[in-house]
Amino acid sequence: MNYLYHLYMEFLSKYGIPELFGNITFYIIPFCIVAAALLIVVLGLVLIERKLLGWLTQRKGPNRVGFWGLLQTLADAFKLLIKENITPSKADRFLFNLAPILVFIPVMTVLGIIPYCAEFTFVNTSTNVILYLILVAFPVLSLFLGGWASNNKYSLIGAVRGIAQVLSYEVPITFVVLSVVTLASSMNMTGIILAQYSRYGIFGWFGIPCIIGFVIMFICVLAELNRCPFDLPEAESELICGYNTEYSGMRFALFYLSEYALLFANAIFLSIMFLGGYLSPFGAYLSHLILGDSSLASVIVYFEQVFWLILKACLIIFVIIWIRATLPRLASFDLLKFSWAVLLPLSIFNLFFTVVYKFVTGGALCGLS
Amino acid sequence: MTTARTLKLNLGPQHPSTHGVLRLILELEGEKILSCEPDIGYLHRGMEKMAEGLTYIQNLPTVDRIDYLSGCFYSELFCRTVEKALGITISEKSKIIRVTLLELNRIASHLLWIGAFLMDLGALSPFFYAMREREMILRFFEKLTGQRMMYNYFVFGGVRKDIDYIEDIAEIVRVLPEKIEDYEKIITDNPIFIQRTRGKGILKPETAFNNSITGANLRASGVNYDLRTTDELYKGFEFSPVVLDGKDSWTRYKARIMEIKESIKIIEQGLDKLKTCGKLEQKLINPLNIKLPEGEYYSEIEAPRGLASIFIKSTGEDKPYRLKWRTGSYYSINLLRELLIGEYLNDAIAIAGSLDIILPEADK
């Protein structure tokens, strides 16, 4: 990152542009890249989800627009863009319009703090795990805002459900993340990834000692994303569309976009925490194995790292979609009970277990070897 | 203590799970339902009044539309009443054909219900699986009658033409049990499904009696009441009515799954009989000048959604003076008033779904 910074500054000074301008814009550029990447990721994710759901339910999925339905989501996005933005007359105009924008800011930021490969994090802070936890919990506030401001009873119920759900599932997530942080002795995502490195590849990953934590976290992520079987805030057969019932056009698209972007971010976070992030499952990187220590390999290895990370995230997303096709929805009270009575004690046990594990093995089995 | 503030919620008619035809006015405290007021009539087509202006043969194609998911039953009911009034007996083979088609129709109806019920609970796939199997049955009906849902196949004195494509029925009967096993795997043992339906929407037999509940809903409350056991048409068919004593949504689901299995048994027997009984011989009456003798006629049948019956008052003319239908869903909707009280909103959808309510049947 420092290297890029110097390159950029050099480039600017060549044309006599003041340093201050460079200092400001250098942090804006990554966000533009994130925004562009976000759109592509979401368009891809929506298509994949629809295709997969189609196959899982004996259908073909979208296959009319473009080759193999590739342009279907693009067409849908275009439709949403040109649709009229309706604000209900009894709604709180200001908050109603504010909510979709507010939901989008933390989502963008989250994608900016994720390490996609070594040496490449847009914004790297020493405790970005905490930052991540705060940022992913943020959208539910704007979701609540939107539901409240819509002045619609279904939206209100959906919004209240959303708040209750995220509040109760945040707690186990925090405990699980704490156990991973204990294992890694780091609160930085890159640090956590590096702590999972071992010669034996997959055996260094925290998903193995922390398997209970992985399962808990996976379930909690489903709940936090309002995905099936925890899709109560937008339960179609009960609440029409939940908190975003009244939203249309671009505002709806923003909610939709942030939902899928969060899905992507959460899948990546899960793979960073438990599946070794951008590490290769074979220990050594393939590009090093094939190309040796050439300078070409040192460049290609970054792409390989991104590939591994995306692949792991895709696997997690696939399981999430698979669950959506299979399971019915939970009842709202069972949902809360499940979190407080099952997941929370388990996650505390998991934390206890990992601390003991760390004490006994000295972290020898995971990482360091 | 201050009085709790309540929320009036219009569940429908513009709602995905009531799809424009049912309105439930709910009073909520939090998500708890304090009272429920069903409002029907969004699909009212005035079929009973319309029947008074049509001759009997003109009425025949309309009766399928009482319930578009089990049209055969209403055809059969109407034909049966006219036959009874005119003193016509139908041939043995057309009886067997009728029973076979009725049971096929019942399976199609139950399959759709399973899909829709699971959709209400938020599960996606079972709907498509159920539709896939239902499609086989509808394809067969399309081949035989030219129609997928409103068959108009039963006529006064028998059936429109001899049955064909028996191998299709054999295929359905062969494939369905495996598929039902699949449903049981994905649905019946699913812990979330059990949690959502076990002990929810308890229908006590007394409540059921007070609300005139019939059909699988009643049988899932432990009451042995299946009109097919006494029906003339089903004479010679071996089957046992499904009576379960769970009283909750889960039992109603299970009862319907088991009813599908029973129906398969009946169809198998029907197939065996069809193979041996040769060509269809029936004497159809001239439908253009049917005049029912003066009097009142009543007949009933076990439809997928409970007891269905018809009452015709004739003054000796070629049109009914008064025609009245009794359908199961109407009473099930009324039951929601009692059944939903004290339940939570997301259970309410599941409970309403478990009663197998079809609005065209209730509104007529």
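Visitor: How many C-beta neighbours inside 10 Å does N151(A) have, and what does N151(A) count as?
Guide: N151(A) has 15 of them, so it counts as partly exposed. Note that this is a predicted model.

Visitor: Where is N151(A) placed?
Guide: N151(A) is in the loop of chain A between α6 (139-149) and α7.

Visitor: And what is the phi of N151(A)?
Guide: The phi of N151(A) is positive, about 60°, although the residue is not a glycine. For background, most residues other than glycine have a negative phi.

Visitor: What about Y165(B), what is its phi?
Guide: Y165(B) is not a glycine, yet it has a positive phi of about 55°. Y165(B) sits in the loop of chain B between β5 (158-159) and α6 (166-188).

Visitor: Why does Y165(B) count as partly exposed?
Guide: Because Y165(B) has 13 C-beta neighbours inside 10 Å, and the partly exposed class lies between 12 or fewer for exposed and 20 or more for buried.

Visitor: Switching to helices. How far does α4 of chain B reach?
Guide: Helix α4(B), residues 92-120, reaches 42 Å from its first C-alpha to its last. With 29 residues, that is close to the 42 Å expected at 1.5 Å a residue.

Visitor: Is α4(B) mostly covered or mostly open?
Guide: Mostly covered: of the 29 residues in α4(B), 28 are buried. After the helix comes G122(B), with a positive phi near 95°.

Visitor: How many helices and strands does chain B have?
Guide: Chain B has 13 helices and eight strands. Its radius of gyration is 21 Å, close to the 21 Å given by the globule rule for 364 residues, so chain B is as compact as a globular protein of that length.

Visitor: What box do the C-alpha atoms of chain B fill?
Guide: Roughly 75 × 45 × 35 Å, taken along the principal axes. Buried residues account for 48% of the 364 residues in chain B. Of the contacts in chain B between residues at least 6 apart in sequence, 68% join residues at least 24 apart.

Visitor: How do strands β6 and β7 of chain B run, and how many bridges join them?
Guide: β6(B), residues 295-303, and β7(B), residues 306-314, run antiparallel and are joined by nine bridges. The two strands form a hairpin with two residues between them. As one example of the pairing, I301(B) has A308(B) in β7(B) as its bridge partner.

Visitor: Back to chain A. Which residues have the most contacts inside the largest nonpolar core?
Guide: V180(A), A261(A), F264(A), A265(A) and M273(A), in a core of 193 residues. Leaving out residues up to four places away in sequence, A265(A) touches V110(A), L111(A), I114(A) and V136(A).

Visitor: Where is I323(A), and what does it touch?
Guide: I323(A) is in helix α13 of chain A, residues 295-326. Not counting residues up to four places away in sequence, I323(A) touches L222(A), C228(A) and P229(A). I323(A) and L222(A) are 101 residues apart in sequence, with 9.6 Å between their C-alpha atoms. I323(A) has 16 C-beta neighbours inside 10 Å and therefore counts as partly exposed.

Visitor: Last topic, the contact between the chains. How many residues come from chain A and from chain B?
Guide: Chain A gives 26 residues and chain B gives 28 residues. On the side of chain A that touches chain B, the elements giving two or more residues are α2 (19-56), α7 (153-184), α10 (236-239), α13 and α14 (332-361). The residues on that side of chain A divide into 13 nonpolar, five polar and eight charged.

How values were computed. Residues are numbered from 1 along each chain as its sequence is written. Chains are lettered from A and ligands numbered from 1 in the order in which they are written. This is a predicted model: local features need pLDDT of at least 70, side-chain atom pairs count only at pLDDT 80 or more; totals for chains, interfaces and linings use all residues. Helices (H or I, at least four residues) and strands (E, at least two) are DSSP runs, numbered from the N terminus. Two residues are in contact if their C-beta atoms, placed from the backbone, lie within 7 Å. Ala, Val, Leu, Ile, Met, Phe, Trp, Tyr, Cys and Pro count as nonpolar, Asp, Glu, Lys and Arg as charged, and the others, Gly among them, as polar. The expected span of a helix is 1.5 Å times one less than its number of residues. The radius of gyration is taken over C-alpha atoms; the globule rule is 2.2 Å times the number of residues to the power 0.38. A nonpolar core is a set of buried Ala, Val, Leu, Ile, Met, Phe, Trp, Tyr and Cys residues joined through C-beta atoms within 7 Å. Two strands pair if DSSP finds at least two bridges between them.
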